[in-house]
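Subject: Structure for you to look at

Hello,

Here is the structure I promised to pass on. Please open it before you read my notes.

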Amino acid sequence: MSAELKATGSIRRRLSLQLLSNAALLTLLLVFIVRSFAQQLAEQSQDNILMASVTSILDASAIQQGELIVDIPYSAFSMLSNLSDDRVFYRIDKNSVFLTGYDDLPNPTSVKNTGSPIFSTETYQDREIRMVTASRRLALENQPVELRVSVAQTRNGQDQTLGEISRMAMLFGGGFFAISAVLALFSAQSTVGPLRRLASAVSRRGPRDLRPVTDRVPAEMVPLVKSLNQFIERLKISLTRSEDFIAEAAHRVRTPLATVRAQAEITLRRVEKDENRASLKEMIRAIDDSSRAAGQLLDHAMVTFRTDHLEQSQIDLAALVGETVDRLKAVAELKDIDLTYNENDPAKISGDAILIQNAVRNLLDNAIKYSPMDSRVSVELVRQTPWVILSFHDQGLGFPQTGAAGLTKRFARGSNVAGIVGSGLGLTIADEVARAHGGDLKIANNADGVGACVSISFPLS
Amino acid sequence: MRLNIVSLVLAAATVCVAPLAHSFEIEHRQNFASKAAQPVTLRILSTADIDLFAPLILSFQAENPKVAVTYHAVSSTELMRALQDEQAPYDIAVSSAMDLQTKLANDGFALAHRSNETNLLPEWGKWRDHVFAFTQEPAAIVLSAKAFANLPVPQTRQDLISVLRDHPDLFRGRVGTYDVRSSGLGYLFATQDARTSETFWRLAEVMGHLDIQLYCCSGAMIDDVSSGKIAVAYNVLGSYAMARRDAKANIHIITPQDFTTVMLRTALIPTTAQRPALAGQFIDHLIRAAWLDETTDSYPFPDINRDPLASNTSLRPIRMGPGLLVYLDKLKKRQFLNEWENAILQP
């Protein structure tokens with residue numbers, strides 16, 4: 001009975017989403033930084049080249065023969081085309097009086113007389129322009145002359161460069177994001193890896209495997225695995241206790257039952273009234289039933305214990321089956337059942353002889369019990385390397401058409417055998433023994449449709 | 001039918017009224033009519049001689065029969081005045097004065113044009129998608145064959161200086177060049193020469209001593225050399241000289257080996273253009289004629305050399321760009337002209 005588990009989200013998905021959004025955020029940041037850096041760089045280089053232009057004009061001006069000569073060098077403007085094909089404007093003022101250039105070019109908005117160049121962004125002819133203004137003082141006839149030069153450029157080239165760099169940044173960002181996304185998915189996958197491995201290791205275990213989990217796990221999972229191991233330990237103790245309890249109870253019940261049965265037998269001999277005899281016989285039958293159940297409970301407890309600590313020794317299965325068949329011949333004869341055993345070559349297997357004998361006895365007991373009077377039970381031993389298969393055929397009711405699979409469960413009984421004494425533990429014991437030895441138990445009806453066929457297989461050693 | 005007639009009359013009326021009052025001087029006008037019922041008119045303002053330029057217009061009309069072309073030939077300074085000061089409504093401005101064309105584009109008097117054809121141009125063949133080059137025309141020295149019959153034909157400016165110095169009597173009053181004060185192209189050639197080499201000033205001094213004749217245009221100089229009136233014409237458009245088949249026998253065309261300034265004739269679309277799209281088509285036509293490898297008969301200029309420096313190290317194509325604005329500066333121009341007058345105009 002497993003409770004329906006409700007999953008609240010997935011660690012992997014959450015991790016992937018988180019990593020992806022981190023990557024997206026970083027990508028945006030990267031693009032933004034590259035863009036603003038590029039803008040700064042583009043502005044800087046335009047400012048530098050404008051400054052160089054202004055400086056070259058200022059340097060080329062001089063006082064010659066009492067006259068201010070402003071001789072714009074060819075390079076002053078031609079150098080501006082190295083960076084971009086932007087439009088060029090300039091004006092030259094002498095003592096704040098327009099001398100040459102574009103007289104409608106705006107003066108820099110903040111005019112400081114500090115002598116340091118002024119970098120400004122202005123609007124001229126409806127275009128944004130970048131302008132550098134610098135001045136130089138000369139002496140003309142003992143009067144100071146201030147020569148001011150402004151050189152300006154439109155910013156198309158800068159916008160174009162910026163656009164290209166932005167596109168590149170976008171492209172890089174996209175690539176960066178794609179790589180991050182792949183890595184994010186990969187790391188999310190690998191993070192949940194140990195969890196998956198633990199889950200599959202635990203679910204791969206057999207039903208009786210209650211060993212503690214010893215797989216190597218990451219530190220974060222150690223508390224979980226510790227709790228799991230403690231839980232397994234408690235479960236194991238509790239199981240052992242209940243099985244001990246059952247075995248003890250069965251043992252304690254069986255001995256007094258034997259006494260009660262003996263007394264009932266004695267009393268049966270003494271009483272003569274038919275109705276008293278009938279009820280005593282009924283009593284004995286019930287006592288037999290109980291003692292048989294107690295015996296099988298004990299068997300089962302023993303099987304459980306021994307399969308947990310399986311002793312391996314070389315067994316001749318053929319001989320072992322022969323012994324058991326001989327022992328139960330008497331019981332079979334009580335019902336006039338013809339019990340045959342087709343013994344083949346010796347079949348050596350390795351295992352616990354007591355367990356295997358127990359399983360064989362239980363299966364043979366079942367076959368005899370469910371057989372009608374005066375019928376036949378045959379036991380066959382067949383070697384099919386690497387297996388040895390032992391099968392029991394009877395002529396009884398067989399297994400019900402539906403639900404034969406569940407019969408190896410504890411206390412499960414066929415729907416068609418309600419009138420026959422039985423505990424429902426026989427098949428369980430045989431099944432557990434077969435599994436403990438790496439073998440298998442198969443139940444089916446005979447091919448001719450009459451009676452059941454139970455076969456138990458063990459690996460040959 | 002009636003409507004058509006009315007609209008025709010109206011169209012005629014607008015055409016008649018359209019010629020504007022203007023003060024710039026048009027040297028020559030020519031209309032290239034279209035046979036189409038309702039032609040669209042492309043107005044070209046150009047410094048190129050109409051006879052030279054006509055094949056390009058005719059081939060354009062062959063491809064676009066609906067287009068009529070009005071061609072006004074002006075000097076480069078007048079072209080500048082027309083567009084800058086008077087905002088005359090022309091669709092195309094073609095000029096040999098690269099500096100003035102550059103200034104028009106720089107000062108916002110030109111429209112941008114981008115097409116598959118403009119992508120064909122090398123980086124140095126256009127500026128800002130506004131100014132497009134469609135010729136390469138060297139500034140040549142044209143000599144009278146008769147005058148140099150018994151003299152070594154000079155191949156460099158230095159040679160020319162020597163010849164002029166050695167035979168002052170032969171050349172007095174028989175040396176000609178542009179009057180750079182009135183000719184935009186002459187000014188461009190002179191400033192580029194001055195920028196390239198000091199030899200220019202020495203040559204100017206020598207020519208100044210020989211009572212130099214000053215001309216407005218290349219055509220007149222070639223005429224005078226051909227007729228023998230003058231013996232040497234300095235800084236003549238080589239393309240015009242080569243196109244003059246009648247004068248071939250009488251002249252030597254020298255592209256100086258020390259350096260030859262190469263002018264790129266350029267076209268642009270003024271902001272005043274009435275039909276900028278059609279103007280764009282015409283510029284594409286010029287570019288195709290000039291830059292595509294197959295030479296067409298309708299291209300009247302020397303073939304374009306895509307890599308001028310690689311084939312001939314003496315060729316100096318004038319670089320388009322803001323550098324050309326420098327010599328247009330008021331002060332700079334005054335200084336240059338002063339210097340030029342001091343050298344050339346000697347009493």
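This is a predicted model: local features need pLDDT of at least 70, side-chain atom pairs count only at pLDDT 80 or more; totals for chains, interfaces and linings use all residues.

Chain B

Chain B has 347 residues, and 46% of them count as buried. Its secondary structure comes to 14 helices and 15 strands. Take the contacts in chain B with a separation of 6 or more: 80% of them are between residues 24 or more positions apart.

Where chain B touches chain A

The contact involves 15 residues of chain B and 15 residues of chain A. Which element gives the largest share of chain B's side? Helix α14 of chain B, residues 330–344, does, with four residues. By type, chain B's side splits into five nonpolar, five polar and five charged residues.

A helix pair in chain A

Look next at helix α6 (residues 317–334) and helix α7 (residues 353–369), both of chain A. Their axes come within 10 Å and cross at roughly 35°. The crossing of α6(A) and α7(A) is right-handed.

The residues that make the contact are these:

- From α6(A): A:Leu320, A:Val321, A:Thr324, A:Val325, A:Leu328, A:Val331 and A:Ala332.
- From α7(A): A:Ala353, A:Ile356, A:Gln357, A:Val360, A:Arg361, A:Leu364, A:Asp365 and A:Ile368.

How do the residues of this contact divide by type, and how many are nonpolar? Eleven are nonpolar, two polar and two charged.

Best wishes

Notes: Residues are numbered from 1 along each chain as its sequence is written. Chains are lettered from A and ligands numbered from 1 in the order in which they are written. Two residues are in contact if their C-beta atoms, placed from the backbone, lie within 7 Å. Helices (H or I, at least four residues) and strands (E, at least two) are DSSP runs, numbered from the N terminus. Ala, Val, Leu, Ile, Met, Phe, Trp, Tyr, Cys and Pro count as nonpolar, Asp, Glu, Lys and Arg as charged, and the others, Gly among them, as polar. Axes are lines fitted to C-alpha atoms, for helices over the stretch in contact, and angles run from 0 to 180 degrees between N-to-C directions. A crossing is left-handed if the near helix is turned anticlockwise from the far one by less than a right angle, and right-handed if clockwise. A residue is buried if 20 or more other C-beta atoms lie within 10 Å of its own, exposed if 12 or fewer, and partly exposed in between; C-beta atoms are placed from the backbone.
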